[in-house]
Amino acid sequence: MTRGGSLPETSRYPPGDLAVWIFILAELAVFAIFFAAYAFTRMQHVALFDQYQATLDRNAALFNTLALVTASYFVVRAVTAIREGRTASARNRLWAAVGMGGLFLLVKGMEYAHHLGEGIRLSTNAFYMFYLSLTFFHFMHVILGILVLMVLAMRTAAGHYSAQSHTDIESGASYWHMVDLVWLILFPLVYVMH
Amino acid sequence: MSEAFTKVMARNIFYGGSLFFLLLFLALTFDTEGTLPERDNRQAITGKVAMGKRLWENNDCIGCHTLLGEGAYFAPELGNAYKRLGGKAGIIGFIESRPKDGIPGRRSMPQFNFTDEELDAIAEFLKYSSEINTANWPPNIQG
Amino acid sequence: MNTDSRNRGRSCTLIYIVLMLLTLVTWVVGRLGLQGLPVTLSVLALALLKGQLIGDWFMGLRNVRGFWRWAILIWLAGVGVLVGVAFFFSSGLH
Amino acid sequence: MQYQSQAVAKLYFTAAIGLFAGQILFGLILGLQYVVGDFLFPEIPFNVARMVHTNLLIVWILFGFMGAAYYLVPEEAERELHSPGLAVLMFWVFLVAGALTILGYLLVPYSGLAKMTGNDLLPTMGREFLEQPTITKIGIVIVALAFLYNIGMTILSGRKTVVNLVLLIGLAGLAVLFLFAFYNPDNLVEDKLYWWWVVHLWVEGVWELILGSILAFVLIKTTGVDREVIEKWLYVIIAMTLITGIIGTGHHYYWIGTPEYWQWWGSVFSALEPIPFFMMTVFAFNMVNRRRRNHLNKVAVLWALGTAVMAFLGAGVWGFLHTLSPVNYYTHGSQITAAHGHMAFYGAYAMIVLTIISYAMPMMRGRKAANSNRSQVLEMWSFWLMTVSMVFITLFLTGAGILQVYLQRYSDTPLPFMVVQEKIALFYWMREVAGVVFLAGLVLYIASFFVGSKDPEAAVEQAASPTA
């Protein structure tokens with residue numbers, strides 16, 4: 001591995017449009033507050049949180065984590081492809097990421113159906129309030145992320161992007177990685193840590 | 001800094017972000033509507049209570065008092081008046097006994113000359129209000 | 001140019017595999033029902049590490065200087081401290 | 001002034017200032033009633049004076065928004081107003097309806113007004129800020145629709161700028177959300193739930209879009225900074241506004257019978273509501289520092305910067321003070337709320353209207369760009385008097401609120417409401433004094449329209465401008 005001049009130079013700004021990054025910071029701030037709120041509320045109801053955490057489907061959560069990480073990986077590969085001007089490959093990888101995201105929604109949706117079937121609502125108890133709030137807020141982010149990736153895939157197919165001009169893809173990719181990043185904290189926090 | 005972000009992306013975030021949070025807000029409102037029957041004491045809303053609410057509105061009580069903390073801060077909170085004044089009789093007695101020309105130098109509630117039925121309706125309305133589940137607000141009986 | 005991006009691609013594939021394995025580790029911890037503060041904090045640390053890998057490699061912050069280079073790391077540190085403190089102080093409260 | 005039809009704004013601005021004066025007079029009456037309880041009783045009871053105070057505020061701000069729209073939309077769209085005649089007609093309809101409503105409040109007992117206007121057919125009266133008779137509310141909807149039609153047609157057939165589009169979205173949102181004023185169920189909790197869709201989503205939602213676009217317009221004009229830069233800031237700011245502000249509605253859903261998860265949702269999002277206001281302050285100062293010209297209308301720039309700062313303090317900082325649910329549990333419905341309300345409304349909405357008036361009025365009165373030096377200096381005095389006295393009003397009310405919360409809510413031996421009110425009367429007296437200073441500032445403000453109006457227009461100091 002040589003650090004040749006062909007390695008990307010460090011730049012002042014992250015990949016994509018800075019407006020997206022400002023948005024990402026705002027979103028991460030919200031999630032951080034929610035995570036902290038979960039943890040500190042749990043301090044007052046340790047037994048309750050542990051009891052109801054045990055009712056969650058950890059296998060589904062594992063599957064979902066793998067799906068999201070895989071989607072993120074496809075997105076990374078899509079960005080690599082478009083940087084090299086390989087449009088078709090970029091498009092395929094974006095669709096693959098959309099597919100993984102769709103799987104996440106499907107599994108998560110089944111989890112929700114299960115909970116709702118048991119009559120669990122936001123007001124059931126403190127644990128379910130946080131569990132549903134956090135995961136549903138994130139769920140909506142996944143939907144938005146998928147929509148963004150779909151638009152990007154279609155625009156890639158239509159030839160909007162090239163090796164020289166693909167800021168939109170980098171912006172969308174950054175957003176998607178944020179969605180992934182949040183889940184990587186959410187999964188252990190809500191499903192595993194007790 | 002301003003060179004690194006584009007107007008188109010800022011616009012997309014405005015439209016997308018607003019729509020996103022609007023939908024989230026509607027979803028939460030939907031859940032709220034589903035949960036309200038357990039909290040808002042709706043089974044107590046009789047014709048009398050509805051009449052009391054109308055009287056409450058038609059005399060602009062909210063222009064001096066708060067009800068569940070909302071309104072003007074000139075006169076006491078009334079969400080718990082039913083408990084503070086010792087039931088309906090206390091409420092009715094208080095409203096009835098307001099002097100027509102006020103109390104010299106002090107704040108005073110006007111004399112509204114309500115009929116007995118109206119007084120009863122207002123008291124019923126305040127009783128209903130006091131039984132709404134307000135997450136233990138106000139902190140104490142003084143409101 | 002091509003070899004370089006291929007290198008980058010290979011690095012990201014490696015990172016991807018690591019992320020998947022670490023996720024499995026977290027799941028196994030849950031599966032085995034391991035308990036106790038050290039376990040909990042290790043799970044948290046793993047999550048933060050995964051977050052940092054996402055930030056550096058997937059989001060590409062490794063090639064950025066200045067504030068944005070550290071933005072995700074700062075966020076992770078903040079979350080880690082807050083959540084860690086809360087779990088630390090609630091570990092005895094059963 | 002580049003387009004003739006912009007001149008209709010003058011009517012609106014004049015009415016706004018007149019109603020503003022009325023609002024302040026009634027504010028002083030209210031302030032006095034707080035300490036001299038029987039003042040004007042039973043002729044003008046507190047609730048009537050308060051209705052007049054708050055309704056005049058809303059109406060003059062709306063006049064200001066409409067005037068601002070009529071002034072800036074043609075200039076941005078680069079065409080005359082779709083129908084100046086309709087704008088004038090709607091002005092008189094709105095003014096007469098508003099005046100009749102206020103007279104109704106003052107001359108007829110409120111319950112009589114309710115009966116006269118047939119409130120029982122569609123009961124909407126008697127809720128805070130929405131006290132207007134139903135017929136007035138319908139009038140407001142009609143005026144708003146005609147206004148939107150006029151502005152919309154102008155915008156859609158002209159040059160489409162971001163300032164215009166954001167303004168249009170804000171105004172349309174204002175009109176649509178007002179429709180919830182007609183929903184008044186017997187269920188008190190649902191009544192309150194949707195009442196906030198009008199009140200909160202106005203002042204912490206769509207009104208901020210209007211505020212942002214007016215501020216952006218004035219900054220474009222006075223600083224000469226590239227429109228592209230200002231417009232993208234505008235988008236980022238209003239995006240943050242709605243992202244935080246919509247769910248931020250939850251900070252009103254803590255104690256009114258709504259589910260308890262709102263304590264979390266409301267706290268988290270409303271804690272972030274200061275961000276857009278902070279960005280607005282950074283933005284305004286940034287643009288003025290990067291200005292490409294020194295605009296002759298210095299006082300308009302002062303108002304613009306003042307708006308940004310005071311909106312941040314009043315809405316952002318004072319809002320944050322009591323927005324977290326554990327804090328709000330004690331401060332809800334206390335003088336803290338009143339303190340926040342005063343500075344937020346003045347800092348954000350009164351000041352933005354005064355900003356656009358300050359910028360536009362000289363040109364509508366025949367100046368090329370700005371008033372004479374003497375007039376501007378007087379207006380700056382009024383700026384400082386009003387703004388500083390509002391800061392003091394807010395501080396005194398905050399002091400009163402902290403004591404009230406402690407004595408009535410927090411201490412181990414809570415005291416009854418009226419006992420506490422007497423203990424904190426000193427703060428109310430000081431608030432009233434600050435209110436009198438505010439009135440003095442307002443008098444100077446009005447005087448600035450007449451003083452120095454024969455003097456020559458202000459010129460660039462020291463610069464190489466040919467002396468006339």
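Author: One definition to begin with. Helices and strands here are DSSP runs: a helix has at least four residues, a strand at least two, and they are numbered from the N terminus. This is a predicted model.

Reader: OK. So which pattern does chain A follow along the sequence?

Author: Chain A reads α-α-α-α-α-α. That comes to 6 helices and 0 strands.

Reader: What does the C-alpha trace of chain A span along its principal axes?

Author: About 55 × 30 × 30 Å.

Reader: And what is the mean pLDDT of chain A?

Author: The mean for chain A is 93, and 95% of its residues reach 70 or more. Residues 1-7 of chain A are below 50. Beyond near neighbours in sequence, that stretch has 4 contacts in the model.

Reader: What about chain C, what pLDDT does it average?

Author: Chain C averages 90, with 91% of the residues scoring at least 70.

Reader: And which scores does the predictor give the complex?

Author: An ipTM of 0.94 and a pTM of 0.94.

Reader: Switching to contacts between chains. Which chains share the most contacts?

Author: Chains B and D do, out of 4 pairs of chains in contact. Chain B puts in 63 residues and chain D puts in 61.

Reader: Which element of chain B gives the most to that side?

Author: α1(B) gives the most, with 14 residues. The elements that each supply at least two residues are α1 (7-35), α2 (47-58) and β2 (70-71) of chain B.

Reader: How many nonpolar, polar and charged residues are on the side of chain B that touches chain D?

Author: It has 28 nonpolar, 21 polar and 14 charged residues.

Reader: Now chains C and A. How many residues does the contact take from each?

Author: Chain C gives 43 residues and chain A gives 47. On the chain C side, α1 (2-32), α2 (37-58) and α3 (67-90) each supply at least two residues. The largest share, 13 residues, comes from α1(C). By class, the chain C side has 25 nonpolar, 14 polar and 4 charged residues.

Reader: How far apart are the closest C-alpha atoms of chain B and chain C?

Author: They lie 12 Å apart, and no contact joins chain B and chain C. Chain C and chain D have no contact either; their closest C-alpha atoms lie 15 Å apart.

Reader: Back to chain B. What does its domain assignment give?

Author: Domain 1 covers 1-38 and domain 2 covers 41-143. Over C-alpha atoms, the centres of these two domains of chain B are 38 Å apart.

Reader: Let's do helix packing. What describes two packed helices?

Author: The angle between their axes and the distance between the axes.

Reader: Over to chain D. At what angle do α7(D) and α8(D) pack?

Author: About 165 degrees, with axes 9 Å apart. α7 of chain D is residues 188-223 and α8 is residues 227-248. Angles over 145 degrees count as roughly antiparallel, so α7(D) and α8(D) are roughly antiparallel. Their crossing is right-handed. By class, the contact of α7(D) with α8(D) has 10 nonpolar, 6 polar and 4 charged residues.

Reader: And α10(D) with α11(D): is the crossing left-handed or right-handed?

Author: Left-handed. α10 (residues 274-289) and α11 (residues 298-321) of chain D pack at about 160 degrees, with axes 8 Å apart. α10(D) and α11(D) are therefore roughly antiparallel.

Reader: Which residues meet in that pair?

Author: Including D:Phe277, D:Phe278 and D:Phe285 in α10(D), and D:Leu305, D:Phe312 and D:Phe320 in α11(D). The contact of α10(D) with α11(D) has 17 nonpolar, 3 polar and no charged residues.

Definitions and conventions: Residues numbered from 1 in each chain as written. Chains lettered and ligands numbered in written order. Predicted model: local features only at pLDDT ≥ 70, side-chain atom pairs only at ≥ 80, totals over all residues. Axes fitted to C-alpha atoms, helices over the stretch in contact; angles between N-to-C directions. Parallel < 35°, antiparallel > 145°, perpendicular 65-115°, else oblique. Left-handed = near helix turned anticlockwise from the far one by under 90°. Nonpolar A, V, L, I, M, F, W, Y, C, P; charged D, E, K, R; others polar. Domains from an automatic or database assignment. Contact = placed C-beta atoms within 7 Å. pLDDT = per-residue confidence, 0-100.
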